[in-house]
Amino acid sequence: MVTVKMLKPYYVKTEEKYIRIILAYQYFSIIMNKNIYQFIPVKSTEVRINRKTKKIENTEDVFAFQKEKEVLTISMSQLVSVPGFLEMLHRIAESYYLPEDTEVVSDQQRALDQLVSELEDENVKRLIDKAIDNEDKETFLELTNTLKHK
């Protein structure tokens with residue numbers, strides 16, 4: 001049976017869609033048959049997690065571990081079944097996940113911003129009409145310049 005002895009990221013890199021947990025020697029080790037194997041960066045070196053779905057994307061990657069001259073290779077799909085591995089990964093990645101309703105909020109925010117902009121334009125037009133009615137040339141020129149620069 002395989003267990004994770006230690007899992008610490010060498011560093012974490014975030015992108016728009018992914019969290020990349022970069023692994024390095026001495027930061028990741030497993031125990032198998034009472035022997036400790038250290039991660040070696042000869043095959044895959046990262047865990048790529050989707051920031052929105054929180055799922056591991058590189059399930060086909062293979063990781064190498066070494067104890068003296070013996071080298072084991074374990075696929076990501078095997079590692080995810082190791083007790084505690086997923087919990088450790090999610091603990092590392094949790095602060096980088098996107099909120100689940102980010103798209104909805106941004107769509108709502110865009111619609112709200114557009115509505116506010118339209119209302120501001122309408123208000124400026126009403127103020128221009130008022131300046132014309134009051135024959136206030138200075139205010140009229142100021143307000144029309146405001147509309148031109150939008």
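This briefing describes strand pairing, aromatic contacts, the nonpolar core and helices in one protein structure. The model is predicted. Its largest nonpolar core has 25 residues, and a search of the whole structure finds 7 aromatic pairs. Strands E4 and E5 pair in the antiparallel sense, as do E5 and E7, and E7 and E8.

**Strand pairing**

- Strand E4 covers residues 28–32 and strand E5 covers residues 35–40; the two are joined in the antiparallel sense by 4 bridges.
- Within this pairing, Ser29 has Gln38 of E5 as its bridge partner.
- The hairpin of E4 and E5 has 2 residues between the strands, and Asn33 in this hairpin adopts a positive phi near 55°.
- E5 also pairs with strand E7, which spans residues 62–67, in the antiparallel sense over 3 bridges.
- Val62 has Ser75 in E8 as its bridge partner.
- The hairpin of E7 and E8 has 2 residues between the strands, and Glu68 there takes a positive phi near 55°.

**Aromatic rings**

- Among the 7 aromatic pairs found in the whole structure is that of Tyr10 and Tyr27, an edge-to-face pair with 5.7 Å from centre to centre and 70° between the planes.
- This pair links distant parts of the chain, as its members are 17 residues apart: Tyr10 lies in the loop between strand E1 (2–7) and strand E2 (11–14), and Tyr27 in the loop between strand E3 (18–22) and E4.
- Tyr10 counts as partly exposed because its relative accessibility is 49%, and buried residues must be under 20% while exposed ones are over 50%.
- Tyr27 is likewise partly exposed, with a relative accessible area of 32%.
- A cluster of Phe28, Phe39, Phe63, Phe65 and Phe85 is linked by ring pairs.
- At Tyr18, the ring has the charged end of Arg48 over it, 5.5 Å from the ring centre.

**The nonpolar core**

- Which residues touch the most other members of the largest nonpolar core? They are Ile21, Phe28, Val47 and Phe85.
- Helix H2 supplies the largest share of this core, with 4 residues.
- Phe28 touches residues including Val4, Met6, Leu7, Leu23 and Tyr37, when residues up to four places away in sequence are not counted.
- Gln38, Phe39, Phe65, Leu79 and Phe85 are also among the residues that Phe28 touches on that count.

**Helix H2**

- In helix H2 (residues 85–93), the buried residues are Phe85, Leu89, Ile92 and Ala93.
- Seen down the axis of H2, these buried residues fall within an arc of 90°, so they line one face of the helix.
- The cover over the buried residues of H2 includes E1, E2, E3 and E4, together with strand E6 (46–50) and helix H1 (76–79).

**Helix H3**

- Asp113 has its place in helix H3, which spans residues 102–133.
- Is Asp113 buried or partly exposed? Asp113 is partly exposed, because its relative accessible area is 44%.
- Asp113 and Val62 are 51 residues apart along the chain, and 47 Å separates their C-alpha atoms.

Definitions and conventions:
Residues numbered from 1 in each chain as written. Predicted model: local features only at pLDDT ≥ 70, side-chain atom pairs only at ≥ 80, totals over all residues. Heavy atoms only, no water. Pairing = 2+ DSSP bridges. Phe/Tyr/Trp six-rings, centres within 6.5 Å; stacked < 30°, edge-to-face > 60°. Buried < 20%, exposed > 50% of the residue type's maximum accessible area, 1.4 Å probe, protein only. Lys NZ or Arg CZ within 6 Å of the ring centre and 35° of its normal. Arc of directions from axis to C-beta. Contact = heavy atoms within 4.5 Å. Core = buried A, V, L, I, M, F, W, Y, C linked by side-chain atoms within 4.5 Å.
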